[in-house]
Amino acid sequence: MERDIARVRASIPPDVPPVRVMLYGQGGYTGGAHTTFDDMVQAVSATNIATVHGITGFRKISSEQLIQWNPDVIITSADRDAPEDMRQHLLHDPAVALTHAGKHQRVIVMPNHIFLTVTHHITQGIEQLARELYHQP
């Protein structure tokens, strides 16, 4: 697991500033410090905006907070057969549309079976997150 994470970290371009990301799920929930999501974000050298704003654990936020915090990338999860439906749902959310992530269509949808794992398979989610944050146009 440590080798996998080290390999992912080595693949991240060193001259790229940390990407400002945010978990935003159905119902307006986000994840901050002391969550597996925050651990994944730290593993890929990104910045979890919710943590920066003092969120600990999972908490519902308002649309206004989402707009004000203005993430570069929004991350969420969905069932294996519904990632594009979830992505389109978020991109059509009026609050998401006003963010940098919405304007640039930077919404990453990770499969629930990878995103919600608390086993060593979390490295698959970390790999996907790094790939989508740093290695796609």
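Some bookkeeping before the structure. Because the model is predicted, local features need pLDDT of at least 70 and side-chain atom pairs count only at pLDDT 80 or more, while totals for chains, interfaces and linings use all residues. Residues are numbered from 1 along each chain as its sequence is written, and side-chain values use heavy atoms, with hydrogens and water left out.

I start with the sheet. It is open, has four strands in the order β3-β1-β5-β6, and its pairing is parallel. Strands here are DSSP runs of E with at least two residues, helices are runs of H or I with at least four, and both are numbered from the N terminus. Two strands pair if DSSP finds at least two bridges between them. β3 and β6 (107-111) are the edge strands, each pairing on one side only.

Going across, β1 (residues 20-23) is joined to β3 (residues 47-48) by two bridges, with R20 opposite T47. On to β5 (residues 73-78): three bridges connect it with β1, and M22 stands opposite I74. Between β5 and β6 there are five bridges, and there S77 faces M110 as its opposite residue.

Next, the helices. α9 (residues 122-134) comes within 10 Å of α1 (residues 2-11), axis to axis, and the two cross at roughly 5°. Axes are lines fitted to C-alpha atoms, for helices over the stretch in contact, and angles run from 0 to 180 degrees between N-to-C directions. α1 and α9 are therefore roughly parallel, the term for angles under 35 degrees.

Which residues of α1 meet α9? D4, I5, R7 and V8 do, and on the α9 side they meet T123, I126, E127 and A130; contact means heavy atoms within 4.5 Å.

Last, the largest pocket, with a volume of about 270 Å³. A pocket is an open set of points on a 1 Å grid, fitting a 1.4 Å probe, with protein on both sides within 12 Å along at least five of seven lines; lining residues have an atom within 4 Å of a point. Of its 14 lining residues, L23, F58, S77, F115 and L116 are closest to the centre. α2 (36-43) and β5 each supply at least two lining residues.

Note on methods. Parallel < 35°, antiparallel > 145°, perpendicular 65-115°, else oblique. Points joined across faces, edges and corners; volume = space filled by probe spheres on them.
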